[in-house]
Amino acid sequence: MSKKIVNKVFRSVAQILKNSGNTKRLALATAASTLGLVVCAPQQANAVTLEQREYGTLIKQSSYESFFGSNPFANPQKYNFEWAYVENFETNALQRPELSSSQGQFFKGPGTDSVDSDGAFDTEGKFIFDGGVIDGDGQDGGSYGSQADGITFGFAPSVETNNGLPTAIGFVVTDGHDKFDDVLTTLLVFGKIGDGPTQQLDHISLDLGGTQNPDGKTSDDYFVGFLTNTSDIRIESIFVSNSSGYADGVTPYNTPIEVDHLAFGEGTMISTGAPEPLTVGGTLLALGMGIGMKKKLAKKDSTKDQSQN
Ligand SMILES: [Ca+2]
Ligand SMILES: [Ca+2]
Ligand SMILES: [Ca+2]
């Protein structure tokens, strides 16, 4: 990564953090950009499983507490990003114009399965990224989910993404269904190879434990990511759903699913050796966080389905 790109990434992060009022982290980012050092907090010793697929690598991790502490993509020793964003669904709107959803809804309030570190606000009501208490409970934050039909997220290029689509996506499955122990999660990845037509790049069936409970508990949260094999392979959309058994012996019986911390960006996996300083610095992700949402509004929401996207 060139120094020019590194500085661009840092400016982007700094501006967003400035807008969010998170001055502490802004100072940290500024200092680190000067030094070219790792900005991310130390990563947990999470067990990450990699699986080589036809068009990409499937990344799985059976725990997730916070973005900087848990997200594999936030580990600069493992991944390098030209640009990236993460949507944490803390407001009832998607924060980035590059991201769209055609199914699903925002969840808030009791019973919501947000990531554990979400749901923190300062005294002025502004959201503090990763500022929540890690206490095994995600009900303070927001998430995005579907009762039965699955979720579709679409990605669009912009000037901020160098007019490119993502090569990497990742999200946290935070909830499934409490009545079945045989829940399977399906991830469909659609995209383009070079200038070719849109095609299904992968159809992945995931057994994430089947013990997810709709009670805000975060011990069952599971990260799933997909990184394309080459920069020529770009992701246009993904579909995520849960199913349990078969409704008619053939058609999967769809069950609820809830997700959080949807990350997308142009990334590569660092396979060997320690990254060079500039590469490390450029790994810091631009955060598409919820800005300016008042906590009292979140607290007022008592149901999980009040907001249809
Ligand atoms: Ca928490
Ligand atoms: Ca959240
Ligand atoms: Ca959960």
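**View 1. The calcium ion (ligand 3) and the spacing of its donors in a predicted model.** The donors of the calcium ion (ligand 3) are spaced D-x60-T-x42-K-x2-D-D along the chain. They are D113 (OD), T174 (O), K217 (O), D220 (OD) and D221 (OD), at 2.2 to 2.5 Å from the ion. Donors here are N, O and S atoms within 2.8 Å of the metal, or 3.2 Å for Na, K and Ca; water is not among the atoms, so sites may look incomplete. D220 is buried at 12% relative accessibility, and D221 is buried at 0%. Buried stands for under 20% relative accessible area, exposed for over 50%, and partly exposed for values in between (1.4 Å probe, protein chains only). This is a predicted model, in which local features need pLDDT of at least 70 and side-chain atom pairs count only at pLDDT 80 or more, while totals for chains, interfaces and linings use all residues. Residues are numbered from 1 along each chain as its sequence is written, chains are lettered from A and ligands numbered from 1 in the order in which they are written, and side-chain values use heavy atoms, with hydrogens and water left out.

View 2. T174 lies in strand 8, and its relative accessible area is 0%, which makes T174 buried. Helices (H or I, at least four residues) and strands (E, at least two) are DSSP runs, numbered from the N terminus. The side chain of T174 reaches the backbone oxygen of D113 at 2.7 Å. Leaving aside residues up to four places away in sequence, T174 touches D113, S114, D220, D221, E258, V259 and D260. A contact is a pair of heavy atoms within 4.5 Å.

**View 3. The calcium ion (ligand 2) and its protein donors.** The atoms in question are N88 (O), E90 (OE), S114 (OG), D118 (OD), G142 (O), D260 (OD) and D260 (OD), lying 2.3 to 2.8 Å from the ion. Along the chain the spacing reads N-x1-E-x23-S-x3-D-x23-G-x117-D. N88 and G142 are both buried.

**View 4. The calcium ion (ligand 1), with D135 and D137 among its donors.** The protein donors are D116 (O), D116 (OD), V133 (O), D135 (OD) and D137 (O), at 2.2 to 2.6 Å from the ion. Their spacing is D-x16-V-x1-D-x1-D. D135 is partly exposed, with a relative accessible area of 48%, and D137 is partly exposed at 25%. E65 is in the loop between strand 2 and helix 3 (67–70) and is partly exposed at 31% relative accessibility. The C-alpha atoms of E65 and D135 are 9.1 Å apart, although 70 residues separate them along the chain.

**View 5. The largest nonpolar core, with 32 residues.** A nonpolar core is a set of buried Ala, Val, Leu, Ile, Met, Phe, Trp, Tyr and Cys residues joined through side-chain atoms within 4.5 Å. The residues with the most contacts inside this core are F153, F155, F171, L187, V224 and I238. At least two core residues come from each of strand 3, strand 7 (151–155), strand 8 (168–175), strand 9 (184–193), strand 10 (199–206), strand 11 (222–228), strand 12 (233–246) and strand 14 (257–269). A second, separate core of 19 residues includes F67, Y79, V86 and F121. F153 touches F89, L99, S100, S101, Y144, E236, S237, I238, V259 and L262, not counting residues up to four places away in sequence.

**View 6. F89 and H261, residues with positive phi.** For F89, a residue other than glycine, phi is near 60°. F89 sits in the loop between strand 3 and strand 4 and is buried at 0% relative accessibility. For H261, also other than glycine, phi is near 45°. H261 belongs to strand 14 and is buried, again at 0% relative accessibility.

**View 7. The hairpin between strand 1 and strand 2.** Strand 1 (residues 48–52) pairs with strand 2 (residues 56–61) in the antiparallel sense over 5 bridges. Strands pair if DSSP finds at least two bridges between them. The hairpin connects the two through 3 residues. Q52 stands opposite T57 in strand 2.

Technical notes:
Polar contact = N/O pair within 3.5 Å; in protein donor to acceptor, adjacent residues only side chain to side chain.
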